[in-house]
Amino acid sequence: MITKIGSVLLTKFHPISVLQRPLSTYTFKDGIGTILLDNEKTRNSLSLDMMNSIHRHIVSNQNDVELRCIVLAAQGRVFSAGHNLKELTAEHGADRHKQVFHKCSELIDAIRLAPVPIIAKVDGLAAAAGCQLVASCDMAVCSDISTFSTPGASFGIFCSTPGVAVVRAIPRMRAAYMLFTGLPITANEALEAGLVSKVVPKNQLNEEVDNICKAISSKSRAVIALGKTFFYKQIAMDVSTAYEHGEQIMVDNLATVDGREGIKSFVEKRPPQWSHKE
């Protein structure tokens with residue numbers, strides 16, 4: 001079987017003796033990029049190498065003009081158990097520890113700054129930095145068996161950086177419950193709190209994510225990129241400032257090739273023909 005990885009076609013299977021098994025893989029089909037965390041042995045832990053791998057997939061593929069969205073998924077029953085605690089032992093020292101957490105922040109920034117939506121597809125446990133990763137995606141869809149937790153305090157390291165993402169996604173009281181107790185919340189509790197966008201039965205997860213990706217793919221890449229950039233900028237603004245800046249963004253949007261095409265196609269009662277040009 002042939003799989004497109006980035007802009008290169010490679011055979012899907014390679015002898016292990018020739019190529020070392022990657023911690024995550026990137027595949028592309030019909031405008032949808034999929035990053036698959038694939039290290040079940042460590043419960044898809046966010047080791048430095050794993051984070052470098054995910055970050056590299058996002059940065060090296062995000063400007064592909066054919067790309068419309070990225071799905072972040074995982075192999076196995078654990079989406080991600082968080083940082084690899086073996087990298088956080090005293091023997092590694094503070095410099096190494098800082099490197100790990102800084103790389104995580106870089107990865108989160110890459111998700112936010114990517115010009116296309118990034119969707120977390122969760123089917124199992126997302127804990128600590130794994131929960132942070134989910135909370136940092138533009139959308140998250142999970143199966144009804146999924147759970148979410150920030151149990152760092154149980155291991156002597158409070159989930160401070162995961163808490164940054166979690167408390168920006170869900171109410172303070174619910175975030176405090178997760179951070180101080182370390183107890184997991186269910187998929188439905190995560191939906192109620194706003195940590196995930198949608199919960200579906202396990203056997204419907206693939207279909208639901210595919211439907212979301214198709215809906216995004218039907219839009220102009222350029223318009224989505226413009227909208228995503230302003231969406232995150234305005235969150236940090238007061239309401240009056242957000243509207244002031246938003247007015248100009250709307251004007252700028254209408255001046256783009258696809259902005260004009262969208263209005264014209266609506267008036268002419270026909271499907272739009274997007275250029276996807278910024």
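# Starting from Lys198

The model you're looking at is predicted, so local features need pLDDT of at least 70 and side-chain atom pairs count only at pLDDT 80 or more, while totals for chains, interfaces and linings use all residues. Residues are numbered from 1 along each chain as its sequence is written, and side-chain values use heavy atoms, leaving out hydrogens and water.

Who does Lys198 team up with? Its salt-bridge partner is Glu208, and the closest N and O atoms of the two are 3.2 Å apart (a salt bridge puts a side-chain nitrogen of Lys or Arg within 4 Å of a carboxyl oxygen of Asp or Glu). Lys198 sits in strand β12 and Glu208 in helix α7, so this pair ties together parts that are 10 residues apart in sequence. Helices (H or I, at least four residues) and strands (E, at least two) are DSSP runs, numbered from the N terminus. Glu208, for its part, is buried, with a relative accessible area of 16%.

Strand β12 belongs to an open sheet of six strands, in the order β3-β4-β5-β7-β9-β12, with mixed pairing (two strands pair if DSSP finds at least two bridges between them). At the edges stand β3 (24-29) and β12, each with a single partner strand, so one side of each is left without a neighbour in the sheet. On average, neighbouring strands here are turned by 20 degrees against each other, direction ignored.

Now walk across this sheet from the β3 end. β3 and β4 run antiparallel and are joined by six bridges, with Ser24 opposite Leu37 in β4. The hairpin they make has two residues between the strands, and in it Asp30 takes a positive phi near 55 degrees. Leu37 shows up again in the next pairing, where its bridge partner in β5 is Ala74; β4 and β5 run parallel, joined by six bridges. At the other end, β9 and β12 pair in the parallel sense over three bridges, and there our Lys198 is the bridge partner of Val141. Helix α7 packs on the sheet, touching β4 (32-37), β5 (69-74), β7, β9 and β12, and its direction makes about 160 degrees with that of β9. Contact here means heavy atoms within 4.5 Å; axes are lines fitted to C-alpha atoms, for helices over the stretch in contact, and angles run from 0 to 180 degrees between N-to-C directions.

There's another sheet to find. Four strands form it, open and with mixed pairing, in the order β6-β8-β10-β11. Its edges are β6 (78-80) and β11 (185-186), each with a single partner strand, so one side of each lacks a neighbour in the sheet. Two bridges pair β6 and β8 in the parallel sense, and Ser80 stands opposite Ala126 in β8. Helix α3 (residues 129-136) packs on this sheet, touching β6, β8 and β10 (147-149), with its direction at about 100 degrees to that of β8.

Back to salt bridges: the whole structure holds nine. In one of them, Asp123 meets Lys202, the closest N and O atoms being 2.5 Å apart. That pair links distant parts of the chain, 79 residues apart: Asp123 is in the loop between β7 (118-122) and β8 (125-127), and Lys202 is in the loop between β12 (198-200) and α7 (205-217). Asp123 is partly exposed at 22% relative accessible area, and Lys202 is partly exposed at 45%. Glu87 and Arg96 form another bridge, with their closest N and O atoms 3.6 Å apart; Glu87 is buried at 11%, whereas Arg96 is partly exposed at 27%. Glu261, Glu268 and Arg270 are linked in a network of salt bridges.

Finally, what about empty space? Rolling a probe the size of a water molecule over the atoms shows where it is left. The second largest pocket holds about 810 Å³ of space. It is lined by 28 residues, and the closest to its centre are Arg112, Ala135, Ser136, Cys137 and Tyr232. Helix α8 gives the largest share of that lining, five residues. A pocket, on a 1 Å grid over the protein atoms alone, is an open set of points with protein on both sides within 12 Å along at least five of seven lines; a cavity is a set where a 1.4 Å probe fits but cannot get out, and lining residues have an atom within 4 Å of a point. Points are joined across faces, edges and corners, and a volume is the space filled by probe spheres set on them. The largest cavity holds about 30 Å³, and its lining is Leu67, Arg68, Val116, Ile216, Arg221 and Ile224.

How values were computed:
Buried < 20%, exposed > 50% of the residue type's maximum accessible area, 1.4 Å probe, protein only.
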